[in-house]
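Hi,

Here is the structure I said I would pass on.

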Amino acid sequence: NVLNGARFTLAANEITQLPFDSGAEVAFAGRSNAGKSSALNALTGHNALARTSKTPGRTQLMVVFDLPPLKRDGDEPLVARLVDLPGYGYAKVPESMREHWRREIDAYLKMRRSLRGIVLIVDIRHELKDFDRTMIDFCAATQLPCHVLMTKADKLSRGQASSALEGLRKQFRENKVPGTVQMFSSLTKTGVEEARARVLELLHT
Ligand code: GDP
């Protein structure tokens, strides 16, 4: 598991502080409390790679994790990173901070040449929120691959979880979103292998 080699590199308050824009990276996005930190921890096999949010409205940063260089047949190893984007959604986050991150994330998505795809974390129990829609619409508009983890699947029955999954897949097909959707649970580890494979596939594109 290559993702197990993820190491904290830096935390940035603006995109200008990110590592040099070469190689390949996959960004993780999600509203606060969706389960993004838990998902990152499950994917990398670390207990505390990403901080789980016990403190709503804490200082938010873009957090970069370097991966070991990825081997490629007959080619130089590929420098690869995971980027944890700030999630917002808590009422307690001041409007000025929301506005800051709206701008930074927008600029990041538009300008980051090494960005290969987005992993969007949503709570399987809830409808998509504005933040999720914005990310998905952006991916559709720019043809950037989006992989959705419908997490906390352990909180629903099998039938409920399947219908939520099919519902979102249908929306993706109808809106021609270049992406994939899967069930996930950081608690039971459902979908962890599938998600790891997808992240690696995105990094290699
Ligand atoms: P973040 O704000 O998106 O990084 O969310 P966290 O990873 O901190 O998770 C928010 C809350 O949801 C925490 O109380 C987690 O323990 C819980 N949580 C996250 N993922 C799961 C999951 O797959 N199943 C269950 N049952 N709870 C989860």
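Helices here are DSSP runs of H or I with at least four residues, strands are runs of E with at least two, and both are numbered from the N terminus. This is a predicted model, so local features need pLDDT of at least 70 and side-chain atom pairs count only at pLDDT 80 or more, while totals for chains, interfaces and linings use all residues. Residue numbers start from 1 along each chain as its sequence is written.

Helix α1 itself spans residues 36–44 and is mostly covered, with 7 of its 9 residues buried. The buried ones are K36, S37, A39, L40, A42, L43 and T44. What do they pack against? Their partners are β2 (24–30), β6 (80–84), β7 (115–123), β8 (146–151) and α5 (192–203), where contact means C-beta atoms, placed from the backbone, within 7 Å.

Now for the neighbours of β6. Strands count as paired if DSSP finds at least two bridges between them. β2 runs parallel to β6, joined by 5 bridges, and E25 stands opposite R81. Strand β3 (residues 62–66) pairs with β6 in the antiparallel sense over 4 bridges, with V64 opposite V83.

Best wishes

Methods
A residue is buried if 20 or more other C-beta atoms lie within 10 Å of its own, exposed if 12 or fewer, and partly exposed in between; C-beta atoms are placed from the backbone. Two residues are in contact if their C-beta atoms, placed from the backbone, lie within 7 Å.
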